[in-house]
Amino acid sequence: MTTTTSAVTEAETSSRGASGPGASGMAGGDHVGGDRVGHVGDGLHAGTGSWAFSGDVPRVFVDHARRSVPLYDVGHDLACDLSTCFVGRNGRGLGYELGSSTGELLRRLATHGPSNMATRWVGLDVEAGMTLAAREHCAGLGNVDVFQGDVATMSFEQCDFVVAYLTLHFLPLDRRRDVVGRVYEALRPGGAFFLFDKVLAADARLEDVVTTLHFRWKRRAGLSPEEILNKKESLLGVLQPVTTDENLVMLAEAGFPSVASVFKHLCFEGFVAVK
Ligand SMILES: C[S@@+](CC[C@H](N)C(=O)[O-])C[C@H]1O[C@@H](n2cnc3c(N)ncnc32)[C@H](O)[C@@H]1O
């Protein structure tokens, strides 16, 4: 990921003072326009276009995700249920989670019934802190390995199921297409890819409505208006959603003959693509 500043804790921000990256020296980053470092919720701070998953993010990640993504856990339920349709066909199978963060989903995948427990699950994350957290969270599970690495350059073994849950939207489009192509190549025939990302609405009017509803949901989840706006600033150029149609085209162009949208809530959508 090419971010310049990681999201940092309140303590880190105050110790850097006004000379820290993007810091305005004003309380809560109340510097309108340009670089700003502000509260984004859960004790984290981040500056314009500088959101990253390093620093203190792994410690609060799951709470922050639950306050940022409606139905975050329901999407995990779906990933687990879907996986059972594709693993366990060849004795010991192989599944990947790309961008496994703290291992919340990885642990659930690896323990979701007999076929999943007979499958080897590989989690991959580019951030060292996330990799460590996932290893801790999955400690004691003999069918889980967690590696630190960039999904854009990793090589896949032949596999049965791949999940990218809220991860590929952080990759520039050309790299994203390349990763999806390599996922297709690695899957055994009949295997599947579950892509879950933030998506853009089909037109500007709808994007405006959906963004408003998402922000209202975040308010109800406990984030302040300032935290919501600061988080949006911090994701500028970092999170790069595309539309439903663009995702469908990307999956079809990678070679997947069967693609369907199986989850949609506000600006979040899950696609299953079967080889
Ligand atoms: C929103 S989180 C994913 C959440 C996780 N899948 C879950 O369900 O809880 C995105 C993760 O992708 C990782 N990531 C971003 N770019 C990556 C890349 N190029 N290669 C590997 N991991 C990446 C980040 O470090 C972060 O941990």
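The legends below describe close-up views of a predicted model.

**View 1. The shell of residues around the ligand.** Of the 21 residues around the ligand, the ones that come nearest are Phe53, Gly99, Ser101, Val126 and Val151. By residue class, the shell around the ligand divides into 13 nonpolar residues, four polar ones and four charged ones. Two elements, α4 (104-110) and β5 (120-125), each supply at least two residues of this shell.

View 2. Strand β4 covers residues 94-98, and because five of its five residues are buried, the strand is largely enclosed by the rest of the structure. Leu94, Tyr96 and Leu98 point one way from β4, while Gly95 and Glu97 point the other way, and all are buried.

View 3. Leucine 71 has a positive phi of about 65° although it is not a glycine, and its place is in the loop between α2 (57-68) and α3 (72-83).

View 4. Helix α8 runs over residues 204-220, and at 1.5 Å a residue its 17 residues should span 24 Å; the end C-alpha atoms are 25 Å apart, which agrees. The helix is hardly covered, because the count of buried residues among its 17 residues is one, where burial requires 20 or more other C-beta atoms within 10 Å. Just after α8, glycine 222 takes a positive phi of about 110°.

**View 5. Strand β11 between its two antiparallel partners.** Strand β11 (residues 268-274) is mostly covered, with six of its seven residues buried. Seven bridges join β11 to strand β8 (residues 187-200), and these two strands run antiparallel; the bridge partner of phenylalanine 193 in this pairing is alanine 273 of β11. Strand β10 (residues 258-265) also pairs with β11 in the antiparallel sense, over seven bridges, and lysine 264 has glutamate 269 of β11 as its bridge partner. β10 and β11 form a hairpin with two residues between them, and in the turn leucine 266 has a positive phi of about 50°.

**View 6. The surroundings of phenylalanine 271.** Phenylalanine 271 has its place in strand β11 and is buried, with 22 other C-beta atoms within 10 Å. Not counting residues up to four places away in sequence, phenylalanine 271 touches Leu195, Asn247, Leu251, Val259, Ala260, Ser261 and Val262. Phenylalanine 271 and aspartate 197 are 74 residues apart in sequence, yet their C-alpha atoms are 8.7 Å apart in space.

**View 7. Methionine 250 in helix α10.** Methionine 250 lies in helix α10, which covers residues 244-254, and with 21 C-beta neighbours inside 10 Å this methionine counts as buried. When its neighbours within four places in sequence are left aside, methionine 250 is in contact with Arg177 and Val180. The separation between methionine 250 and valine 180 is 70 residues in sequence and 7.8 Å in space, taken from C-alpha to C-alpha.

Conventions:
Residues are numbered from 1 along each chain as its sequence is written. This is a predicted model: local features need pLDDT of at least 70, side-chain atom pairs count only at pLDDT 80 or more; totals for chains, interfaces and linings use all residues. A residue is near a molecule or strand if its C-beta atom, placed from the backbone, lies within 6 Å of it. Helices (H or I, at least four residues) and strands (E, at least two) are DSSP runs, numbered from the N terminus. Ala, Val, Leu, Ile, Met, Phe, Trp, Tyr, Cys and Pro count as nonpolar, Asp, Glu, Lys and Arg as charged, and the others, Gly among them, as polar. A residue is buried if 20 or more other C-beta atoms lie within 10 Å of its own, exposed if 12 or fewer, and partly exposed in between; C-beta atoms are placed from the backbone. The expected span of a helix is 1.5 Å times one less than its number of residues. Two residues are in contact if their C-beta atoms, placed from the backbone, lie within 7 Å. Two strands pair if DSSP finds at least two bridges between them.
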